Amino acid sequence: MQQKEVATKTSCYHCGDECVNDFIAIGDKVFCCEGCKLVFEILEENNLCTYYNLQDKPGIKVEPLTGNRFSFLDETSIQQKLISFKNKNEVHITFHIPSIHCSSCIWLLENLNRINQGVIRSQVNFGRKETMIYYNPESLSLRKLVEMLAAIGYEPVINLNDLENKVRKKADRSQVYKIGV
């Protein structure tokens, strides 16, 4: 009798994707890429690995950040268009994050303050796939906040054209109000 070889599939501990060819191991945990490994390390370092208890393979596959992709967020004019409130101690900003898809996402995003002490509070609106974040500008910049979100798999959509249109619409409305009065 001839024995058949059974191919074993190795799944990523973070995202659940199949680890094809090469994979990265930390102890008994296997990861499909550096991005998933990085998210696990961030969660482990901040005692947030209970995230993995919420669902089997709750994570999102993450591509490692390269270059100065978010350097435009250092510009004051862009920050003013994104930020809804700012004073010396606190900034409020809302991001559209399309990768929010489950209770694990909500849990992780609402515990950002445990990953970075500069985050004061965060709240997810699951239906709108938005996260409102309050942070301390003395200890965390907007750019670093967005880089942190991208590093854990929740890169916000920031469309500068949409921001320009919002500013124009507000200006247009003010003209309409002036004509009406």
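This section covers the aromatic pairs, ring-charge contacts and cysteines of a predicted model. Local features need pLDDT of at least 70, side-chain atom pairs count only at pLDDT 80 or more, and totals for chains, interfaces and linings use all residues. Residues are numbered from 1 along each chain as its sequence is written, and side-chain values use heavy atoms, with hydrogens and water left out.

The whole structure holds three aromatic pairs (ring centres of Phe, Tyr or Trp, the last by its six-membered ring, within 6.5 Å; planes under 30 degrees apart are stacked, over 60 edge-to-face, the rest tilted). One of them joins Tyr13 and Phe31. Their centres lie 6.2 Å apart and their planes meet at 80°, so the pair is edge-to-face. Tyr13 precedes strand E1 (24-26), whereas Phe31 belongs to strand E2 (residues 29-31), 18 residues apart (strands are DSSP runs of E, at least two residues; helices are runs of H or I, at least four; both are numbered from the N terminus). Tyr13 also pairs edge-to-face with Phe40, at 5.7 Å between centres and 90° between planes. Phe40 lies in helix H1 (residues 34-45), so this pair ties together parts 27 residues apart in sequence. Tyr13, Phe31 and Phe40 form one aromatic cluster.

Phe31 is buried at 0% relative accessibility (buried, under 20%; exposed, over 50%; partly exposed, in between; 1.4 Å probe, protein chains only). Phe40 is buried at 2%. Tyr13 is partly exposed at 25%.

The charged end of Lys29 sits over the Tyr13 ring, 5.3 Å from its centre (NZ of Lys or CZ of Arg within 6 Å of the centre and within 35 degrees of the ring normal). Arg121 is placed likewise over Tyr134, at 4.4 Å.

Zero disulfides were found (cysteine sulfur atoms within 2.5 Å). The sulfur of Cys19 has its closest cysteine sulfur in Cys12, 5.3 Å away, too far for a bond. Cys19 is buried at 9%.
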